[in-house]
Amino acid sequence: MANTQLPPADPEPSLNRVDGRLKVTGAATYSAEYPIDNLAHAVLITSTIAKGRITTINAKPAEAAPGVLAVISHRNTPGVPAYPPVKQPAERAPVGTAFRVFYDELIYFSGQPVALVVAQTLEQAQQAASLVEIDYQTETHQTDFVANRSKAAIAANVQRNKTSPFQDYDRGDPDAMPSAEVKMEATYTIPTQHHQPLEPHAIIAVWEADDKLTVYDKNQGVKSAQGNLAQAFKLPRENVKVNAQFIGGAFGSGIRVWPHTVAAVLAAKQVRRPVKLVLGRELMFTSVGYRPFTEQKIAMGATKTGILTAIRHEGIGQTSAYEEHLERTILATRAMYACLNVSTRYRLLNLDVNTPTWMRGPGDATGMFALESALDELAFALQLDPLELRLRNHADADPERNLPWSAKSLKECYRMGSEQFGWKNRKPEPRSMQVDGMLVGYGMASSLYGFHRHPSKAKAMMQADGSVVVQSATMDIGPGTGTAMTQIAARILGVSPQKVRFDLGDSSLPDAPGQNGSATIPSVGSAVHDACKALKNKLLILGASMPGSILSSAWPDEIVIRNGRIYPTAESRSSVSYTDILKYHKLPQVEMTEESKSGPERDQYSMYSFGCHFVEVQVSPVTGEVRVKRVVTCADVGKIINYKTARSQSIGGVVGGIGMALMEESVMDHRYGRYVTSDFASYHIPVHADIPQIEVFFVDQPDVHVNPIGAKGLGEIAIVGVAAAVANAVFHATGKRVRELPITVDKLV
Ligand code: MOS
């Protein structure tokens with residue numbers, strides 16, 4: 001039954017990762033690894049209570065310990081210039097206030113940074129940190145989502161903003177649901193989940209002068225970090241340098257500048273030395289956000305023939321007591337299927353926890369778990385094949401915005417995925433397929449993710465020796481940004497990729513967005529495309545102006561460039577090289593910088609990436625153990641720039657989705673408001689033995705409306721829907737519908 005066909009061959013050989021060798025040999029330098037002179041080491045001390053105030057801090061024994069340079073807290077912080085003056089007595093920050101580090105004595109969550117010990121060595125800092133005595137006055141905290149659910153409310157910032165997409169939404173006929181022929185209703189729960197990249201967050205902060213700051217910081221956006229730190233410390237933007245060239249995974253945890261980063265910058269100011277701060281694994285659970293606990297209720301109505309007549313989707317997300325983190329949770333439901341009558345509601349629940357943040361496929365991975373599980377439940381109620389139900393309700397245009405899609409090949413994804421998977425072999429009845437005493441289940445789900453393109457700049461330079469340098473302050477948190485950009489540049493300029501170097505991860509490079517929202521290829525890829533095209537045109541003009549140039553009478557459309565040599569036509573024997581052109585004009589280099597951004601097409605088309613996942617599980621009827629046996633994943637993300645890195649990106653997303661479905665759960669002991677999962681022994685993520693063969697397919701058709709390269713984002717869509725496909729497969733195997741992730745054995749036996 002297993003399909004042995006291999007994925008289609010890469011249409012052209014994929015460029016290997018340009019930084020692959022650096023990474024596997026350990027030569028790549030990550031934030032904590034920069035060799036900085038006179039470096040001091042910091043250890044963060046965090047609150048052991050979830051709500052209340054610090055009454056005393058006794059730092060004397062720590063300050064007297066060997067090697068200690070400072071113990072910094074709200075009592076002696078040099079202060080963040082942008083923070084308002086502290087009130088006496090301290091007042092709780094109103095909702096909507098970003099957390100202020102070492103600001104006053106108030107505690108908002110367990111794990112809140114309360115002091116930082118700086119010493120000559122890491123060991124001295126660790127030892128001294130154990131000597132700092134902190135007393136608290138506790139107040140009653142609320143950290144339990146389920147117990148506090150009834151307090152969920154429309155976010156204050158949504159109430160203020162009448163055009164917010166999180167306003168209550170109703171389209172069509174409110175009576176469609178009660179009068180539907182077939183109905184389902186269910187509630188789905190996703191626990192708090194933490195991004196756990198292999199590389200923990202880390203920073204080295206260096207004050208080069210009183211008004212000049214350099215940080216080597218793990219983050220997903222050097223430009224946004226630069227802007228944020230410049231604003232916090234009231235420095236001119238250009239006086240702040242942020243370097244983050246290599247990132248060992250992030251998944252959203254590095255989109256914001258977090259308190260520990262600011263704490264390290266404060267410490268470096270205080271001790272007048274460079275300071276390094278690395279978060280241990282335990283601190284990764286309270287310092288850099290998480291996928292928020294959510295509860296979603298979905299009701300659906302359909303005709304007996306499986307045409308959706310009504311959908312209602314209500315979502316509640318967790319946030320902190322001081323900030324409102326909103327996610328797309330309910331938004332996909334408005335656009336995904338052709339349904340006339342749709343209502344969505346979105347509420348937030350403020351708890352005494354740290355603020356959540358975006359985690360791969362933010363909102364959509366959450367919402368599509370519920371929507372795609374619900375569709376599977378509806379298909380079962382209708383006795384209709386789950387794929388057929390989706391095909392019958394395929395949206396040929398965006399039903400929310402009433403706009404044509406810029407491009408949508410979801411049906412082609414369904415066709416490829418189902419064929420490669422062998423979906424036709426699925427027997428409709430749950431528990432009807434078995435092999436070797438194991439229950440076999442087939443499940444599928446659809447996937448979508450919005451298209452994001454932000455203004456981006458790139459600089460392209462042709463050097464006298466024919467080599468090319470392309471620069472942009474974009475990032476690579478893992479997908480292989482530099483490799484794809486190198487490929488785009490090499491194709492346009494007609495040079496070998498080996499001649500191209502792409503620089504990123506440095507705030508002094510041309511302005512580009514951070515790596516998030518699957519926007520890098522669409523945004524920065526377009527800028528690289530435009531800059532290289534402009535550079536090529538400039539070089540062609542310079543070439544044509546050489547006396548007796550073979551290019552002077554060439555038609556631009558007919559020019560062919562191979563290996564840095566320019567031929568007037570594909571048949572020409574004679575050519576001129578880029579190096580000839582620079583040499584003749586006595587130029588050390590020629591450069592062009594271009595900015596690329598969206599135009600009016602944003603209002604003419606609705607733009608999304610689409611995809612689907614097919615999953616086979618085997619479940620032990622005795623122990624309830626679930627093994628994922630096969631996954632086929634298909635994506636329509638427009639043009640694929642590099643098959644190898646794209647496939648790897650898809651595989652990573654599926655692995656994340658399997659973790660979300662079967663393992664990942666951050667458990668809090670609500671008596672203390674504190675996570676008990678604080679390491680990889682307690683917070684489970686998939687290991688190699690948990691991951692089966694994953695086959696990846698792409699439609700690979702350029703979306704001509706989105707940007708000059710026809711490419712949409714892949715990073716997020718790779719995970720969106722995977723958890724539902726696994727849950728649906730588990731239902732098919734066992735007849736048990738698990739609506740509360742993760743699907744652990746206790747829920748199946
Ligand atoms: Mo992604 S959650 O936008 O890093």
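**Entry 1: salt bridges**

I began with Asp-376, which forms a salt bridge with Arg-737, the closest N and O atoms being 2.7 Å apart. Asp-376 lies in helix 9 (residues 364-382) and Arg-737 in the segment after helix 17 (722-734), so this pair ties together parts that are 361 residues apart in sequence. I looked up the accessibility of the two partners and found that both Asp-376 and Arg-737 are buried. I note here that I am working from a predicted model.

I then turned to Arg-272 and Asp-210, whose side chains meet in a salt bridge at 3.7 Å, N to O. Arg-272 sits in the loop between helix 7 (259-271) and strand 12 (275-278), and Asp-210 in the loop between strand 9 (202-209) and strand 10 (212-217), so the pair ties together parts that are 62 residues apart in sequence. Both Arg-272 and Asp-210 are exposed, whereas Asp-376 and Arg-737 are both buried.

My next pair was Arg-53 and Glu-105, joined by a salt bridge of 3.5 Å, N to O. Arg-53 belongs to strand 2 (residues 52-58) and Glu-105 to the loop between strand 3 (68-73) and strand 4 (106-107), so parts that are 52 residues apart in sequence are tied together. Is Glu-105 buried or exposed? I find that Glu-105 is buried, with a relative accessible area of 17%, while Arg-53, at 23% relative accessibility, counts as partly exposed. The cut-off matters for this reading, because buried means under 20% relative accessible area.

I also recorded a network of salt bridges that links Asp-168, Asp-170, Arg-345 and Arg-347. The count for the structure comes to 30 salt bridges.

**Entry 2: nonpolar cores**

I looked up the largest nonpolar core and found that it has 91 residues, with Met-300, Leu-378, Val-617, Leu-662 and Val-726 making the most contacts inside it. Helix 9 gives the largest share of this core, ten residues. A second, separate core holds 54 residues, including Ala-40, Ala-42, Ala-70 and Ala-473.

I traced an open sheet of four strands in the order 20-19-18-24, and the pairing in it is mixed. Its edge strands are strand 20 (500-503) and strand 24 (589-596), each of which pairs on one side only, and the twist averages 15° from one strand to the next. Strand 18 (residues 456-463) and strand 19 (residues 468-471) pair in the antiparallel sense over four bridges, and Met-461 stands opposite Val-469 of strand 19. Helix 12 (residues 481-493) lies across strand 19 and strand 20 and runs at about 135° to strand 20. Helix 13 (residues 520-544) lies across strand 18, strand 19, strand 20 and strand 24, at about 140° to strand 24.

I then traced an open sheet of five strands, in the order 16-17-25-26-29 and with mixed pairing. Strand 16 (434-435) and strand 29 (693-698) are the edge strands. Strand 16 and strand 17 (residues 438-450) pair in the antiparallel sense over two bridges, and the bridge partner of Gln-434 in strand 17 is Leu-439. Helix 16 (residues 643-662) lies across strand 26 (626-636) and strand 29, running at about 125° to strand 29.

**Entry 3: helix 6**

I checked how helix 6 (residues 222-232) is placed: eight of its eleven residues are buried, so this helix is largely enclosed by the rest of the structure.

**Entry 4: cysteines**

How many disulfides does a search of the whole structure find? The search finds zero disulfides. Cys-413 is in no disulfide, and the nearest cysteine sulfur, that of Cys-612, is 5.1 Å away. I find Cys-413 buried at 0% relative accessibility, and Cys-339 also counts as buried, at 3%.

Definitions and conventions:
Residues numbered from 1 in each chain as written. Predicted model: local features only at pLDDT ≥ 70, side-chain atom pairs only at ≥ 80, totals over all residues. Heavy atoms only, no water. Salt bridge = Lys/Arg side-chain N within 4 Å of Asp/Glu carboxyl O. Buried < 20%, exposed > 50% of the residue type's maximum accessible area, 1.4 Å probe, protein only. Core = buried A, V, L, I, M, F, W, Y, C linked by side-chain atoms within 4.5 Å. Pairing = 2+ DSSP bridges. Axes fitted to C-alpha atoms, helices over the stretch in contact; angles between N-to-C directions. Contact = heavy atoms within 4.5 Å. Disulfide = S-S within 2.5 Å.
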